Amino acid sequence: MSAGTIVDARKNIRYCKTCCTLTDAEECPICRNPARNHRMIMVVENTRDLAAYEKTGKYDGVYHVLHGAISPMLGIGPADIRLKELIKRLEGDVDEVIIATNSSLEGETTAMYISKLIKPTGIRVSRIASGVPVGGDLEYIDEVTLLRALEGRVEL
């Protein structure tokens with residue numbers, strides 16, 4: 001890779017004007033795609049999380065990338081992540097916001113904050129399920145994870 005390539009990337013890479021992911025155009029390919037469900041927005045902490053969901057090939061909505069999570073311990077508040085942009089998007093035609101932040105303390109704090117912001121608008125807010133990983137041994141899993149698995153159970 002030459003220095004010119006790095007300079008070009010630095011010049012051309014920007015945030016998508018809609019979802020805030022990294023792209024080389026004004027709008028990323030996902031936001032530009034008319035086949036995607038633009039009424040369903042999945043909120044993720046970073047671009048790697050978006051890529052992980054895209055790999056499944058099962059989600060047809062669009063995303064919103066926060067570029068972080070609320071962490072009072074690290075001095076990261078709601079103004080330090082891309083929440084203003086998310087709230088602006090909710091002025092459009094949105095049916096559901098899926099919160100797909102990590103199951104860490106910061107991810108949970110961020111999820112609760114977003115939920116409290118959106119609930120009054122009447123837009124449906126959901127949280128990705130979490131629980132026992134495939135191949136996980138129940139005796140080694142913490143209580144919170146076990147409780148989540150129990151609460152998020154599905155009928156067989």
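This is a predicted model: local features need pLDDT of at least 70, side-chain atom pairs count only at pLDDT 80 or more; totals for chains, interfaces and linings use all residues.
Strand 5 (residues 96-99) and strand 6 run parallel and are joined by four bridges; strands count as paired if DSSP finds at least two bridges between them. Helices (H or I, at least four residues) and strands (E, at least two) are DSSP runs, numbered from the N terminus. The whole sheet is open and has four strands in the order 4-3-5-6, again with parallel pairing. At its edges sit strand 4 (61-65) and strand 6 (124-127), each pairing on one side only. On average, neighbouring strands are turned by 25° against each other, direction ignored.

Helices pack against this sheet too. Helix 3 (residues 47-56) touches strand 3 (37-44) and strand 4, and its direction makes about 160° with that of strand 4. Contact here means heavy atoms within 4.5 Å, while axes are lines fitted to C-alpha atoms, for helices over the stretch in contact, with angles from 0 to 180 degrees between N-to-C directions. Helix 5 (residues 105-118) lies across strand 3, strand 5 and strand 6, running at about 170° to strand 6.

On to the charged side chains. A search of the whole structure turns up nine salt bridges, each being a side-chain nitrogen of Lys or Arg within 4 Å of a carboxyl oxygen of Asp or Glu. In one of them, Asp 95 meets Arg 39 at 2.7 Å, N to O. Asp 95 lies in the loop between helix 4 (83-89) and strand 5, and Arg 39 in strand 3, so the pair ties together parts that are 56 residues apart in sequence. Asp 95 is partly exposed at 41% relative accessibility, as is Arg 39 at 35%; the cut-offs are under 20% relative accessible area for buried, over 50% for exposed and partly exposed in between (1.4 Å probe, protein chains only). Asp 93 joins Arg 39 and Asp 95 in a network of salt bridges.

Another salt bridge pairs Arg 124 with Glu 96, the closest N and O atoms being 3.2 Å apart. This pair links strand 6 to strand 5 across 28 residues, and Glu 96 is buried, at 13%. Glu 91 and Lys 88 form a salt bridge at 3.7 Å between the closest N and O atoms, and both residues are exposed.

How values were computed: Residues are numbered from 1 along each chain as its sequence is written. Side-chain values use heavy atoms; hydrogens and water are left out.
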